[in-house]
Amino acid sequence: IAKVRAVPHKGDDGQVDGYRLSAIRRGSILDKLGIKNGDIVHGVNGTGLTSTSGAMGAFQALQSESNFTFDLTRRRQKVSMDYEIR
């Protein structure tokens, strides 16, 4: 999977509610999917990214899935991105 920097993001309650992504390389799979530097990914396929192990498990599941959804915040706007791999 793409090399990317993922820093835990804390919500208003002080708990980790996702990961802010940066260092996304042009032409990488995340770039092609439309994920941008600064996006905060909160969930993948309905699995919340509230811990490192949860995040790793969610991204590992993407290896075998053909349909997936990213729930993220971009510029303070909640966005859901749906994909189908053929």
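Buried, in this talk, means under 20% relative accessible area, exposed means over 50%, and partly exposed lies in between, with a 1.4 Å probe and protein chains only. This is a predicted model: local features need pLDDT of at least 70, side-chain atom pairs count only at pLDDT 80 or more, and totals for chains, interfaces and linings use all residues. Residues are numbered from 1 along each chain as its sequence is written, and side-chain values use heavy atoms, with hydrogens and water left out.

Start with Asp 39. Asp 39 is buried, at 2% relative accessible area. Where does Asp 39 lie? In the loop between helix H1 (29–32) and strand S3 (40–44). Helices (H or I, at least four residues) and strands (E, at least two) are DSSP runs, numbered from the N terminus. The Asp 39 side chain reaches the backbone nitrogen of Lys 36 at 2.8 Å. Setting aside neighbours within four places in sequence, Asp 39 is in contact (heavy atoms within 4.5 Å) with residues including Tyr 19, Leu 72 and Arg 74.

Now Ser 28. Ser 28 sits in the loop between S2 and H1. Ser 28 also counts as buried, at 14% relative accessibility. Its side chain reaches the backbone oxygen of Arg 25 at 2.8 Å.

Next, the core. A nonpolar core is a set of buried Ala, Val, Leu, Ile, Met, Phe, Trp, Tyr and Cys residues joined through side-chain atoms within 4.5 Å. The largest has 17 residues, and Val 41 and Phe 70 are among those with the most contacts inside it. S5 gives the most to this core: three residues. Val 41 touches Phe 70, among others, not counting residues up to four places away in sequence.

Methods
A polar contact is a pair of N or O atoms within 3.5 Å; within protein, one must be able to donate a hydrogen and the other to accept it, and residues adjacent in sequence count only if both atoms are side-chain atoms.
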